[in-house]
Amino acid sequence: MGIPTLRTKLEPSPADPARGLVDRFGRRATDLRISLTDKCNLRCTYCMPADGMDWLPKQDLLTAAEIRHLVRVGVDRLGVRELRLTGGEPLIRTDLEDIVAGVRADHPDLPVSITTNAIGLARRAVGLKKAGLTRLNVSLDTLDPQTFRSLARRDRLADVLEGVETAVDAGLTPVKLNAVLMRGINDHEAPELLAWALERGLSLRFIEQMPLDADHGWTREGMITAQEIRDRLSTRFDLSPHPADRDGAPAELWDVRVRQSSTEQARSAADDDVLGTVGIIASVTEPFCGDCKRTRITAEGEVRSCLFSHEEFGLRDLLREPLAAGESADERDSAIADRWRAAMWIKPAAHGMDHVGLDSADFVQPERSMSAIGG
């Protein structure tokens, strides 16, 4: 894991399309995240303020055709091998099914997922499955209605749970759950959340809270660390490292077994005792920047090489400008690929800097919050 070592001599941005979206540290981005909107129908405290957000004008958002176009460039010219549609809340887009269906028509074998809060999913899960959606990630921080209201500032837990159930029934599996633990609010629920997920065959991922909140209220002392998450889970379960290669995934996986006495542990550690896995995404305390494979495009078509970048590179103008005299569509796509490749070439080593340290003195939180960046 860790961070990559900066090469002593920087190469020019690579021109060979076969090399894909490589950066100065030898990392290759194959996981594309495209945000569909900056809007959300929740106001989670670790992401957005209660009110006062300025939304992007509709005409600034990428259209369904433009999203499909960028995915084609990414897959055909830059080596993208996986797509996730994010937000804000992607289910706000009424044309989400059209977007998924268009991508699926172009790329029959491309894994396509969404990250969602699941509000409205119950009535759209079947249609999204038919359109070609592979699976989804659902944000679920608590099973307690009152705590949900406190965290999300909306009374919608029942809608979320209904959406999860409908997604499973529709075959959008494996359904993955994302949970952010907040100190003194829902951190005590970690074992219950995991038990609930395991009973339903859902894959739970706990995420350390990152400094991407719109209120800029994050503190290192206030967040629940990966070690604290493991400690809380260990009051009910035994965790052991999952044997599969992590392969650049943000979550470190742990096999989960029922907690046993020391005598029982010595007597039984068979594979069939494993109830499932749990993931922990420790972006702050155990960063995995050195293996990052992600490239992000915001809802208005800006390339962000890192969640914490302070630079963006626009692709929307190249999509919308008429072709110049004598310019072919293929040449324009080459120009889009070149700009995208150049944006990724200068990707920072970690956390928007040349070193890890979301709590370091020189860390500067990006102006955009997570909802405006895309997860």
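Arg332, by contrast, is buried, at a relative accessible area of 7%. Please keep in mind that this is a predicted model.

Now, what does the sheet look like? It is open, with 12 strands in the order β9-β10-β11-β8-β7-β6-β5-β4-β3-β12-β13-β14, and the pairing is mixed. The edges are β9 (237-241) and β14 (313-314), each of which pairs on one side only. Take β10 and β11 as an example: they pair in the antiparallel sense over five bridges, and Leu253 stands opposite Gly279 in β11.

Next, the helices. Helix α6, residues 190-199, lies across β7, β8, β9, β10 and β11, running at about 155° to β8. Helix α10, residues 329-345, packs on the sheet too, touching β3, β12, β13 and β14, and its direction makes about 120° with that of β12.

Back to charges, then. How many salt bridges does the structure hold? There are 20. One of them joins the side chains of Asp238 and Arg259, at 3.3 Å from N to O. Asp238 sits in strand β9 and Arg259 in the loop between β10 and α8, 21 residues apart. Asp238 counts as buried at 15% relative accessibility, whereas Arg259 is partly exposed at 46%.

Another joins Arg339 and Asp317, at 2.9 Å from N to O. Arg339 lies in α10 and Asp317 in α9, so this pair ties together parts 22 residues apart in sequence.

Finally, Arg68, Arg72 and Asp106 are linked in a network of salt bridges. Thanks, everyone!

Note on methods: Residues are numbered from 1 along each chain as its sequence is written. This is a predicted model: local features need pLDDT of at least 70, side-chain atom pairs count only at pLDDT 80 or more; totals for chains, interfaces and linings use all residues. Side-chain values use heavy atoms; hydrogens and water are left out. Two strands pair if DSSP finds at least two bridges between them. Helices (H or I, at least four residues) and strands (E, at least two) are DSSP runs, numbered from the N terminus. Contact means heavy atoms within 4.5 Å. Axes are lines fitted to C-alpha atoms, for helices over the stretch in contact, and angles run from 0 to 180 degrees between N-to-C directions. A salt bridge is a side-chain nitrogen of Lys or Arg within 4 Å of a carboxyl oxygen of Asp or Glu. Buried means under 20% relative accessible area, exposed over 50%, partly exposed in between (1.4 Å probe, protein chains only).
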